Amino acid sequence: MRPDWDTYFMQMTDLVASRSSCVRRQVGAVLVEPHTNTIISTGYNGTPSGTPNCNQGGCRRCNGDAPLGANYGLCRCVHAEENAIALAARHGARTDGASLYSTYSPCFTCFRMAVQAGVLVVRYRILTPYPEEEAAEFQDFVASTGVYMKQFSPRKD
C-alpha cells in the first residue's frame, strides 16, 4: 500500500536516524516544503562536522553517566532538528512555511529554532517526557507560537 505523505516522511526519519553516531539515542529529522512535498534538508544527532563522533569518544556527556535530560550544556552533539535547519541555512534553502518531521518530540531549544526558521508544522513519533513544570511551560510556549505540533499516528485506511 502506498503511504500518505506524513507516513512517508516519518518513515524517512528512521533512515536518517540510522546515520547518528550518538551512543545514547539515534534521532532523525526531515524538513519538508509542504506544498510540493519536497525535502529541504535532513539531520541526525551527533557531534559537529570535523570533530570526533560521539561513538568515538567525541562527547564526554554522552559517553558518561549523565542522567537522561541532564547536563545538556556539556553535550557536544547537535540535535537532529538543529542539524536539519542549520544544513538548510548552509545550503541557502528556504524554511519559511516548512514542516519538520522527527523521530522524537523536539526539546525546547530545537522547537524555538524551528519557530525562528519559520517552520509551521512539527510532527514527531515518540513523545519525550519532560518534568511536569517544564512540560507545562513548553506546552504554553507551543500554544503561543501558532505552530502546529502533533504526535504522529499512522492512518488506518
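Modeller: One term to start with: a nonpolar core is a set of buried Ala, Val, Leu, Ile, Met, Phe, Trp, Tyr and Cys residues joined through side-chain atoms within 4.5 Å. Buried means under 20% relative accessible area, exposed over 50%, and partly exposed in between, with a 1.4 Å probe and protein chains only.

Colleague: What should I know about the source?
Modeller: This is a predicted model, where local features need pLDDT of at least 70, side-chain atom pairs count only at pLDDT 80 or more, and totals for chains, interfaces and linings use all residues. Residues are numbered from 1 along each chain as its sequence is written, and side-chain values use heavy atoms, with hydrogens and water left out.

Colleague: Which residues have the most contacts inside the largest nonpolar core?
Modeller: Leu-31, Leu-100, Phe-111, Val-119, Val-122 and Met-149. That core has 20 residues.

Colleague: Which elements give two or more residues to this core?
Modeller: β1, α3 (80-90), β3, α4 (108-116), β4 and α5 (132-145). The most come from α3, with 4 residues. Those labels are DSSP runs, numbered from the N terminus: helices are H or I with at least four residues, strands are E with at least two.

Colleague: How do the axes of α4 and α5 cross?
Modeller: They come within 11 Å and cross at roughly 5°. So α4 is roughly parallel to α5. Angles under 35 degrees count as roughly parallel, over 145 as roughly antiparallel, 65 to 115 as roughly perpendicular and the rest as oblique. Axes are lines fitted to C-alpha atoms, for helices over the stretch in contact, and angles run from 0 to 180 degrees between N-to-C directions.

Colleague: Which residues make that contact?
Modeller: From α4, Phe-108, Phe-111, Arg-112 and Val-115. From α5, Glu-137, Phe-138, Phe-141, Val-142 and Thr-145.

Colleague: How far apart are the ends of α5?
Modeller: The end C-alpha atoms are 20 Å apart. At 1.5 Å a residue, its 14 residues should span 20 Å, so the two agree. The expected span is 1.5 Å times one less than the number of residues. Just after α5, Gly-146 takes a positive phi of about 80°.

Colleague: New topic. What order do the strands of the sheet take?
Modeller: The open sheet has 5 strands in the order β2-β1-β3-β4-β5, with mixed pairing. β2 (38-44) and β5 (148-151) are the edge strands, each pairing on one side only. Neighbouring strands are turned by 15° against each other on average, direction ignored. Two strands pair if DSSP finds at least two bridges between them.

Colleague: How many bridges join β1 to β2?
Modeller: There are 6, and the strands run antiparallel. β1 covers residues 28-33. Val-30 has Thr-42 as its bridge partner in β2, and Ala-29 has Gly-43 there. The hairpin of β1 and β2 has 4 residues between the strands, and Asn-37 takes a positive phi near 55° in this hairpin.

Colleague: And how do β1 and β3 pair?
Modeller: In the antiparallel sense, over 4 bridges. In β3, Ser-102 is the bridge partner of Ala-29.

Colleague: Is β1 mostly covered or uncovered?
Modeller: Mostly covered: 5 of its 6 residues are buried.

Colleague: Where does α1 lie?
Modeller: Helix α1 (residues 5-17) lies across β1, β2, β3 (99-104) and β4 (121-126), at about 140° to β1. Thr-7, Phe-9, Met-10, Thr-13, Val-16 and Ala-17 of α1 are buried. The buried residues of α1 pack against β1, β2, β3 and β4.

Colleague: Last one. Why does Lys-150 count as partly exposed?
Modeller: Because its relative accessibility is 42%. Lys-150 is in strand β5. Leaving aside neighbours within four places in sequence, Lys-150 is in contact with Val-122, Arg-123 and Tyr-124.

Conventions
Contact means heavy atoms within 4.5 Å.
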